[in-house]
Amino acid sequence: VTFSEGDAHEAPGTLLDDQLTIACGKGTLRILTLQRPGRAVLTAAEFLRGNAMPTCTVLACPETKTDS
């Protein structure tokens, strides 16, 4: 994971690009590798090849999710 300071100009949790860069309250977070339960470690590119996530998708955070 890498973190960059600055203003992302999008709501926290918004996917900003095709490299798993996510807007945060302050700055951005880029996921470099991830591992789903019971699965092998994948790079962001490997994960995205099998799991399409369009830019501007807003990722929910269970701790802050509000019911509509």
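What share of the contacts in the protein with a separation of 6 or more comes from residues 24 or more positions apart? The share is 38%, where contact means heavy atoms within 4.5 Å. This is a predicted model: local features need pLDDT of at least 70, side-chain atom pairs count only at pLDDT 80 or more, and totals for chains, interfaces and linings use all residues. Residues are numbered from 1 along each chain as its sequence is written, and side-chain values use heavy atoms, with hydrogens and water left out.

**Overall layout**

- The protein has one helix and five strands. Both are DSSP runs numbered from the N terminus: helices are H or I with at least four residues, and strands are E with at least two.
- From the N terminus on, the order of elements is β-β-β-β-β-α.
- Along the principal axes, the C-alpha atoms fill a box of roughly 30 × 30 × 20 Å.
- Of the 68 residues, 22% count as buried. Buried means under 20% relative accessible area, exposed means over 50%, and partly exposed lies in between (1.4 Å probe, protein chains only).

**Surface and charge**

- The accessible surface comes to about 5100 Å². Carbon and sulfur atoms hold 54% of that surface. The areas come from the Shrake-Rupley method with a 1.4 Å probe, and for residues only the protein chains shown count as cover.
- The protein has 6 positive and 8 negative charges, and their mean positions are 8 Å apart. Lys and Arg count as positive and Asp and Glu as negative, while His and the chain ends are not counted. Each charge is placed at NZ of Lys, CZ of Arg, CG of Asp or CD of Glu.

**Nonpolar core**

- The largest nonpolar core has seven residues: L15, L20, I22, L34, A44, F47 and L48. Helix 1 gives the largest share of this core, with three residues.
- A nonpolar core is a set of buried Ala, Val, Leu, Ile, Met, Phe, Trp, Tyr and Cys residues joined through side-chain atoms within 4.5 Å.
- In soluble globular proteins, nonpolar side chains tend to be buried together.
- A44 is in contact with Q19, L20, I31, L32 and T33, leaving aside neighbours within four places in sequence.

- T21 is found in strand 2. T21 counts as buried because its relative accessible area is 7%.
- Beyond four places in sequence, T21 is in contact with T14, L15, L16, T28, L29 and R30.
- The side chains of T21 and R30 are joined by a polar contact of 2.7 Å. A polar contact is a pair of N or O atoms within 3.5 Å; within protein, one must be able to donate a hydrogen and the other to accept it, and residues adjacent in sequence count only if both atoms are side-chain atoms.
- T28 lies in strand 3, residues 28-30. With a relative accessible area of 16%, T28 is buried.

**Loops and backbone**

- L20 sits in the loop between strand 1 (2-4) and strand 2 (21-23). Its phi is positive, about 60°, although L20 is not a glycine. L20 is buried, at 3% relative accessibility.
- C56 is placed in the segment after helix 1 (44-50). Phi of C56 is also positive, near 80°, in a residue other than glycine. C56 is exposed, with a relative accessible area of 52%.
- P37 lies in the loop between strand 4 (33-35) and strand 5 (41-43). P37 is exposed, at 81% relative accessible area.
- P37 and D7 are 30 residues apart along the chain, and their C-alpha atoms are separated by 32 Å.
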